[in-house]
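Visitor: I am new to this structure and would welcome a guided account of one of its parts. May we begin?

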Amino acid sequence: MRLALALADEAAAEGEVPVGAVIVRGDEVVGTGRNRRELGKNALAHAEIEAINAACEKLGGWRLSGCRLYVTLEPCPMCAGAIINSRIEGVYYGTADPKAGSCGSLVSLFDLPYNHRPLCEGGILQAECAAQLKDFFAWLREQRKAKE
């Protein structure tokens, strides 16, 4: 999760919502990602999607069985769907997302009867992950006020 926090810092430095994601198989990092929606002008450029793409490329296939995903913010419905479809074994997230969280906050897609159900645990380094987001949005509000 520390690497995911560092990736989220990189996203924030680029003006992106600070979310970082890391995929691990065994003790090896096989994929990383950070939010790049603003930079890429692409709604699909979430940290989890970028990490899944990187892991698929590194491992040479779309099935990420035996892999674990660490992400600073609870996955949204799009990312939860990609996690299910890529067969990721477990998801470990930092802080809940009450507006779009799909691993328990609004809905739990992993509890539905899909053909794959990842394990899921939230609250990993929760205070640090939440503070990172809170600080970013406070900075963003200041930037917007300065432009007025």
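Guide: Helices here are DSSP runs of H or I with at least four residues, numbered from the N terminus. The model is a predicted one.

Visitor: Which residue follows H1, and what is its phi?

Guide: Helix H1 covers residues 2-13. After H1 comes Gly15, with a positive phi near 85°.

Visitor: How far apart are the end C-alpha atoms of H1?

Guide: H1 has twelve residues, and at 1.5 Å a residue these should span 16 Å.

Visitor: Where do the buried residues of H1 fall, seen down its axis?

Guide: Buried residues have under 20% relative accessible area. In H1 they are Ala4, Leu5, Leu7, Ala8 and Ala11. On the other side of H1, Arg2 and Ala13 are exposed. The buried residues fall within an arc of 160° and so line one face of the helix.

Visitor: What covers the buried residues of H1?

Guide: Three strands are among the covering elements: S1 (20-25), S2 (28-34) and S3 (67-73). The cover also includes a helix, H5.

Visitor: Are H1 and H5 roughly parallel or roughly antiparallel to each other?

Guide: The axes of H1 and H5 (residues 126-147) come within 11 Å and cross at roughly 5°. Angles under 35 degrees count as roughly parallel. The two helices, H1 and H5, are therefore roughly parallel.

Visitor: Which residues of H5 make the contact with H1?

Guide: On the H1 side, the contact involves Arg2, Leu5, Ala8, Asp9 and Ala12. The residues of the contact of H1 with H5 comprise five nonpolar, one polar and three charged. On the H5 side, the contact is made by Glu128, Cys129, Gln132 and Phe136.

Conventions
Residues are numbered from 1 along each chain as its sequence is written. This is a predicted model: local features need pLDDT of at least 70, side-chain atom pairs count only at pLDDT 80 or more; totals for chains, interfaces and linings use all residues. Side-chain values use heavy atoms; hydrogens and water are left out. Axes are lines fitted to C-alpha atoms, for helices over the stretch in contact, and angles run from 0 to 180 degrees between N-to-C directions. Angles under 35 degrees count as roughly parallel, over 145 as roughly antiparallel, 65 to 115 as roughly perpendicular and the rest as oblique. Contact means heavy atoms within 4.5 Å. Ala, Val, Leu, Ile, Met, Phe, Trp, Tyr, Cys and Pro count as nonpolar, Asp, Glu, Lys and Arg as charged, and the others, Gly among them, as polar. The expected span of a helix is 1.5 Å times one less than its number of residues. Buried means under 20% relative accessible area, exposed over 50%, partly exposed in between (1.4 Å probe, protein chains only). The arc is that of the directions from the helix axis to the C-beta atoms.
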